[in-house]
Amino acid sequence: YDGWARDGISGWGYDDVLPYFRRSEANWRGASRWHGADGPLTVARHEPDDYVYPRLIAAAEKLGFRHLDDFYGADFEGFSAPDFNVHRGERASTVTRFLRPAMRRANLQVVTDALARRVLFEARRASGVEYEVGGTTRTARAARAVVLCGGAFNNPQLLMLSGVGAAAELQRHGIAVLQDLPGVGRNLQEHQSISMIYDASGPFTFDRELRLDRMALAALRWQLFGTGPMAALPVSAQGFVRTDPALASPDLQLLISPVSMLAQPWFPGWRRGAGHVFSLACVLMRPESRGEVTLRSADPRDKPVIRLNLLQAEADRVAFRRIVRFVRRYFATEPATSLVRGELTPGPAAQSDEEIDAAVRNGVGTAMHPTSSCAIGVDAQAVCDPSLRVRGVEGL
């Protein structure tokens, strides 16, 4: 946030946004400089286990990392257990904690299974939205403003369908240009991520909880009390790491889960378990690769064309080499070493830069955090000004 403020995006420094985060959350730690206690969004404590977690933390400390009390306090570099948005054993999503309580209000109407077709304009002012429900086209009129909340993929698509975007892109699809805004759909960013998998040294991972009889008891406990394995997520620990000491801030988010991503319920004589493994999500924090969202056609029913361009930037490929080598060093450090028997993915055969690059290309995915295709800013590529108003038009 302070980086945005240094770039001239006023109102978006850390001190500017912190009051809104504090007002939104009900943190298990209570109120503090960093946290709020009375907001609608529940932030729950993750109770770490007493076998795997201490060993992971001890290994991190041997490598010089701190054992943190709070990733969202004074600093976030180090290892700890992550917090979760869980409310009484259920996912505390924005729908359950913000939208559904507001649906009792007389001035709110929620229309589902609807397709937004375009923003309507009177001259250069947004005057409403044209949408479709059950094959019928309808119109919602705006007295003050239209707010687009379609995310990093649907927002640029809807802007372009409405005549706001790069003129050449709109003209290619026969859409009249209302506002030539070249940054719409550009600058798309994602947290690129790879999975590393280690064979656990014993039957102490979450796979044992997936045995059918244990799952049935866990389901009953969850129904009665909202607690137990079904009320949490199987994450042993998390770390934010600088894989290069010269970096200004951590470039790796390491999530260590004591379970296979392919795990499913099992029982002897019926189906085998996925096995006892550690699955590691290795997330690149500040990727340099950039993608784009463009139109497939002028038909709003057609999905947009999404090009993430993963690993486009050489710096991202270099970073993943460091990440793979750091994770190997981490699990070669006692007592984390005692938890694993060996590396399964990408496997010990990938050692050279070229071999690691090939493994990363074969296995790269995303953390499903698409962003910045309608970026705020003050330069020519910015789609929104610092007040989130779409540049060049009004009321949007």
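The largest share of the lining of the second largest pocket, 5 residues, comes from α5. Helices (H or I, at least four residues) and strands (E, at least two) are DSSP runs, numbered from the N terminus. This is a predicted model, in which local features need pLDDT of at least 70, side-chain atom pairs count only at pLDDT 80 or more, and totals for chains, interfaces and linings use all residues. Residues are numbered from 1 along each chain as its sequence is written, and side-chain values use heavy atoms, with hydrogens and water left out.

**The second largest pocket**

- The volume of the second largest pocket is about 1,200 Å³.
- A pocket is found on a 1 Å grid over the protein atoms alone, as an open set of points where a 1.4 Å probe fits, with protein on both sides within 12 Å along at least five of seven lines.
- Grid points are joined across faces, edges and corners, and a volume is the space filled by probe spheres set on the points.
- The second largest pocket is lined by 25 residues, and V111, A116, V129, V147 and C149 are the closest to its centre. Lining residues have an atom within 4 Å of a point.
- At least two lining residues come from each of β6, β7 and α5 (151-161).
- By class, 16 of the lining residues are nonpolar, 5 are polar and 4 are charged.
- Ala, Val, Leu, Ile, Met, Phe, Trp, Tyr, Cys and Pro count as nonpolar, Asp, Glu, Lys and Arg as charged, and the others, Gly among them, as polar.

**The three-strand sheet**

- Strands β6, β7 and β8 form an open sheet in the order β6-β7-β8, with antiparallel pairing. Two strands pair if DSSP finds at least two bridges between them.
- β6 (114-122) and β8 (136-141) are the edge strands, and each pairs on one side only.
- From one strand to the next, the twist averages 25 degrees. Axes are lines fitted to C-alpha atoms, and angles run from 0 to 180 degrees between N-to-C directions.
- Between β6 and β7 (residues 125-133) there are 8 bridges, in the antiparallel sense.
- A114 stands opposite V133 in β7.

**Strand β14 and its partners**

- β14 (residues 277-284) is largely enclosed by the rest of the structure, because 7 of its 8 residues are buried. Buried means under 20% relative accessible area, exposed over 50%, and partly exposed in between (1.4 Å probe, protein chains only).
- Strand β11 (residues 192-200) runs antiparallel to β14, joined by 7 bridges. S193 has V283 in β14 as its bridge partner.
- β13 also pairs with β14 in the antiparallel sense, over 6 bridges.

**Individual residues**

- S257 lies in strand β13 (residues 252-257). It counts as buried because its relative accessibility is 10%.
- A polar atom of the S257 side chain lies 3.4 Å from the backbone oxygen of P234.
- L344 belongs to strand β17 (residues 340-345). Its relative accessibility is 47%, so L344 counts as partly exposed.
- L344 and V277 are 67 residues apart along the chain, and their C-alpha atoms are separated by 9.0 Å.
- D213 sits in helix α7 (residues 212-225). It is partly exposed, at 33% relative accessibility.
- D213 and Q253 are 40 residues apart in sequence and 35 Å apart in space, C-alpha to C-alpha.

Key: Polar contact = N/O pair within 3.5 Å; in protein donor to acceptor, adjacent residues only side chain to side chain.
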